[in-house]
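Here is a short report on charged side-chain pairs. Look at the structure first, then read on.

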Amino acid sequence: MQHDSENPPSPARRAASLLLAASLIWLALATLLGFLGRIHWFLDLFAHFRAQYAAVGLLLAAGLALLRHWRWLAGAAVLTGVNAALLVPLWIGPGAASDMSEPPLRVFAFNVFAGNSQENIAAILEQIQKRRPDIVVLLETRRSAWQDHLEAPGYELVAHTERNDTFDLAVLSAIPGARASIQHFTHWNIPAADVRFVWQGREVALMAAHPTPPTSTINARARSEYLREVAEWAGRESVPVIVAGDLNATPWSEAFARLLEVGRLENSQRGFGIQPTWCDTCGLMRIPIDHVLHSPDLVTTHREVGPSLGSDHSPVYVELRWRKN
């Protein structure tokens, strides 16, 4: 690293310069690899941490400015800008609703964690009663833990798998007449729930989804195929659709981008920021992998994440209204 000062650098300054240079090279590599997810599933994992890359870029830029390494500072600024540019759309508003006086469609999606305690299960049900969402999507409702907890006052259990594993799911509806069928995606037969209901005079289709996490070649392939089939389902529907659940993908993932494109879906995060949902113990490394997506007919007018309540995930709560023409 070339210095702008004519004075020879001190050992401390030289060590700081080397550390910053190595960090900048690492940041450049991670930023680049995150764009190559189409090539290999492992490279796509680098795409999940765009917010962290932007933050690291800012810190490196500050350090390089203090040491007056102007050319390296320019590189840090470029890398920060590239990653920040991918975050900006999450703060751009989704558009206006047609009638804010009408009550919203409230959707609550939560990966409750298959190993959660009975005490936390009670707290989760209390949270649902407090929020009173219209549709509740619960993932990892392992039968042995949840079989006595899926009846809530004011709700009908319209979908429930009984695999007794981490891919169990349940959907509760406060909307009268809602109906559902269990679908199975990919040749691994991973379940999802196709829920149909009428809201403000129009039929809506909601898919409760939970693919495998991309932790190996097989799991990553299953995750991508699952999301592809969900996208194809959404793309061929003639009614407005919603996809809700733990998708095991961030907004910057290649698989997520294809889901939005093929399914003609919009991300409810737009206008509300990053709102990370996983993992609860990861601190600054938390990322958003739990989502509510919807057709352009709908607009998100409120979105928040709630407490994890013993899960490694945070629930997503959204309020949807019809989009203004």
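The text below covers the salt bridges of this predicted model.

The count comes to 14 salt bridges.

| Pair | N to O distance |
|---|---|
| Asp-44 and Arg-223 | 3.6 Å |
| Arg-179 and Glu-203 | 3.4 Å |
| Glu-266 and Arg-270 | 3.8 Å |

Take Asp-44 and Arg-223, whose closest N and O atoms are 3.6 Å apart.

Next come Arg-179 and Glu-203, which meet in a salt bridge at 3.4 Å. This pair also links distant parts of the chain, and its residues are 24 apart. Arg-179 belongs to strand β5 (residues 179-185). Glu-203 belongs to strand β7 (residues 202-209). Arg-179 is partly exposed, with a relative accessible area of 47%. Glu-203 is partly exposed at 29%.

The side chains of Glu-266 and Arg-270 meet at 3.8 Å, N to O. Glu-266 counts as buried because its relative accessibility is 16%, under the 20% limit. Arg-270 is partly exposed, at 27%.

Some salt bridges share partners. Which residues do they join into one network? Arg-38, Glu-254 and Arg-258 are joined in this way.

Methods:
Residues are numbered from 1 along each chain as its sequence is written. This is a predicted model: local features need pLDDT of at least 70, side-chain atom pairs count only at pLDDT 80 or more; totals for chains, interfaces and linings use all residues. Side-chain values use heavy atoms; hydrogens and water are left out. A salt bridge is a side-chain nitrogen of Lys or Arg within 4 Å of a carboxyl oxygen of Asp or Glu. Helices (H or I, at least four residues) and strands (E, at least two) are DSSP runs, numbered from the N terminus. Buried means under 20% relative accessible area, exposed over 50%, partly exposed in between (1.4 Å probe, protein chains only).
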